[in-house]
Amino acid sequence: MPPLPQSAIGNLADLEEGQIALSGFVVQHDNGLYVLRARLESATAFADFVNRVIASGLYFRGLDYPQFLALLYDDWIGRHDDADEGIFLAADITAFRAERQALYKPCKITLGEASYLFEPLYCDAESDLALIDQGNHPAHSAKGQQSSETRIYLDIDEFIAAAWAKGVRFGIDVAAVREGIELDKPEQRVVALNRPYVPGKDAEIVELAPGLHRNNAPRRLFGDRVDLRQFETRYPQVAAGLRLVKKIPRQAGVDGRDITGIALPASLPKDFDLQTLAGPGTHVVREKDSEYLLASVCGFLNIDLSSNQFSVTDKIISHEGVSLRTTGDLLLTGEEYEQHGEIQEKRVVRCRSITAYADVFGNIISSGGRVCLKRNLIGGSASNDHGDIIVEGRASGSTLIAQNGCIRVQHVDNCVILGHQVVVGQARNCDIVADELTVEVSEACALAGRNLHLGLARSYRELENVLLVLLPDLSSYETRIATLQQKRALLEKVMADSRAKIDALRGEKDVTRYLLVGGKLRRHELTLNAEQQLSWRRLSERVAPALRTLSQLSDLIKEQDAEWHALEIQINEVVAAREQSCNGLACTVDRIEGETRINAMLVRLADPPLSDLPHKDLKARLRRTDAATKRLFGGSTGSFSWVYS
């Protein structure tokens, strides 16, 4: 083995030509050179030292290349972990002779990699031994060559120094270079590669609460059946304090580096402020591990698809409309529901209170809140069991039902309307039944109610208006009153018999005497001697049975009297109810400008209510004239006013 090259490290005081003084952060021990990171003053201090070594015609012998790259490109400034410990760099610094430097060709650099043409090198045996005795390769003759030629081997440490001088300062594959040095035939090999940057990870949110998203699976019913018209979950409900989502902070990427040593910075991952996602009813809580978005109140969760903002409100707000594709039929449990999209044909929305801001073509069924349609109801229906219905636009070819509420609509045509109170602006070819009905303009309509008021009645396409004043069937009241009066008369007869018996008993001689004397004794008007007291006791014994009968008859009279007063109250109540059922029965038409027929119709108890009739039967019944109807008016001009008496 050839001797090791002479060290080129000298003292600053007596530095000779070809020698170099070590920087303050490099120390020399018996086994080599060490770098003290604590003494590094800047991020470029070590790179400046390397440039000084290479520029002086020197190289690092026995270089630890991974540590070399770490010292060059890792930022050690400000890091205190093991900063006082030295990092092994190389065995020594020695001279890189010019004749050896000439052996190394430039690398070919293309598209993030550097390649080198390895080929066997030879020299005459008489040549400078510095070309031959290098590294761990003993001199020997080449196969097939004359004995006067000797193989020259490159050295990995020299290769690194030569590559540095020629611009390749990162990513050298030491193993590939060592294999290339041993090749016996020319070969172009990649000796250095860029290190691409590793992209970071954008900040993201993780859902914590189950059921935050709508479930578009068909709703499951009892018996493993499914309803294809409804989705499983459309409007999730959450409780106050529930953690909705957690923010995962962004993770920075790892910078890369090209073979020239220039950094390839990783792009900055995207970040967001969780506060921007906190809408009404939510708030952000920052804890040690992360940030959380919590629900502040109990209610319905809504996620705005345009802004990704979470909000929790006491009412359901939807902007997507109701259709078979988006929602299916809806069964909502909240108090209020706002729908900003169309409710399409045949779709059913069951809810309490609803405000629809777009046209409604489907069916709305309310359980007692308030139904408000800001636009039009076309070909659909709206019903409310215990509340009002308001249509601010037009209703056409639709059905509106509020038997216990008020229906208000401005324009209706070809509609069926059933309600307790109905107020219509303009109606054309409609069938309307209500206790109280007010119509500003009626054209070819059939209207029925207890109290009708029309501003203008006119025909449409030769079709007349038909008005029915619904008269109550008073027979039940009369029957009830007659029954109660009969019971009262019987009771009065029984009471008279009881009083007659009392008078007869009181008329007996002993009883009369006993009652007279007893009254005086109670009033202390009379005092009895011993003989009189004996006579009084004998009299008391004789009249005792009669007195007991009188007491019983008196109690019976009191009970009968109370029953009589109860019957009297019942009769008065039934009479008042009869009068009440007849109050408000009236019909007024301010102006008639077309064929109009006004009848009074007796609504018999045995007949089904008009509101229960199918539409076809209702239409026929409102326009039919029979024994139950009585003509009040018929004509095409004038006005009409009638009050039931």
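When neighbours within four places in sequence are left aside, alanine 209 is in contact with Leu242, Arg243 and Leu244, contact being taken as heavy atoms within 4.5 Å. This alanine lies in the loop between strand 11 (204-207) and strand 12 (215-220), where helices (H or I, at least four residues) and strands (E, at least two) are DSSP runs numbered from the N terminus. Alanine 209 is buried, at a relative accessible area of 7%; the classes are buried under 20% relative accessible area, exposed over 50% and partly exposed in between, with a 1.4 Å probe and protein chains only. From alanine 209 to valine 575 the separation is 366 residues in sequence and 63 Å in space, C-alpha to C-alpha.

The structure is a predicted model, in which local features need pLDDT of at least 70 and side-chain atom pairs count only at pLDDT 80 or more, while totals for chains, interfaces and linings use all residues. Residues are numbered from 1 along each chain as its sequence is written, and side-chain values use heavy atoms, with hydrogens and water left out.

Over the chain, the secondary structure amounts to ten helices and 40 strands. The radius of gyration of the chain is 55 Å, well over the 26 Å given by the globule rule for 645 residues, so the chain is more spread out than a compact globule; the radius is taken over C-alpha atoms, and the rule is 2.2 Å times the number of residues to the power 0.38. Along the principal axes, the C-alpha atoms fill a box of roughly 175 × 95 × 45 Å. Of the 645 residues, 42% count as buried, and among contacts with a separation of 6 or more, 52% are accounted for by residues 24 or more positions apart. The chain exposes about 35200 Å², of which carbon and sulfur atoms supply 50%, the areas coming from the Shrake-Rupley method with a 1.4 Å probe.

The chain carries 75 positive and 88 negative charges, whose mean positions are 14 Å apart. In this count Lys and Arg are positive and Asp and Glu negative, while His and the chain ends are not counted; each charge is placed at NZ of Lys, CZ of Arg, CG of Asp or CD of Glu. Side chains of opposite charge can pair when their charged atoms come close. A search of the whole structure finds 28 salt bridges, each defined as a side-chain nitrogen of Lys or Arg within 4 Å of a carboxyl oxygen of Asp or Glu.

One of these pairs is formed by lysine 201 and glutamate 204, with the closest N and O atoms 3.8 Å apart. Lysine 201 is partly exposed at 42% relative accessibility, and glutamate 204 is also partly exposed, with a relative accessible area of 34%. A salt bridge also joins the side chains of aspartate 431 and lysine 619, at 3.6 Å from N to O. Because aspartate 431 lies in strand 34 (residues 431-443) and lysine 619 in helix 10 (residues 615-623), this pair ties together parts that are 188 residues apart in sequence. Aspartate 431 is buried, with a relative accessible area of 1%, whereas lysine 619 is partly exposed at 30%.

In the salt bridge between glutamate 464 and arginine 597, the closest N and O atoms are 2.8 Å apart. This pair links distant parts of the chain, 133 residues apart, with glutamate 464 in the loop between strand 35 (446-458) and strand 36 (465-472) and arginine 597 in strand 38 (residues 596-603). Glutamate 464 is partly exposed, with a relative accessible area of 28%, while arginine 597 counts as buried at 9% relative accessibility. Elsewhere, salt bridges that share partners join Lys247, Arg250, Asp271, Arg286 and Glu291 into one network.

In helix 1 (residues 45-55), the buried residues are Ala45, Phe46, Ala47, Phe49, Val50, Val53 and Ile54; the helix is followed by glycine 57, which has a positive phi near 80°. Arginine 578, in helix 9 (residues 530-582), is buried with a relative accessible area of 18%. Not counting residues up to four places away in sequence, arginine 578 touches Leu474, Tyr477, Glu478 and Ile481. Threonine 355 lies in strand 26 (residues 353-356) and is buried at a relative accessible area of 17%; with neighbours within four places in sequence left aside, threonine 355 is in contact with Tyr337, Glu338, Gln339, Cys372 and Lys374.
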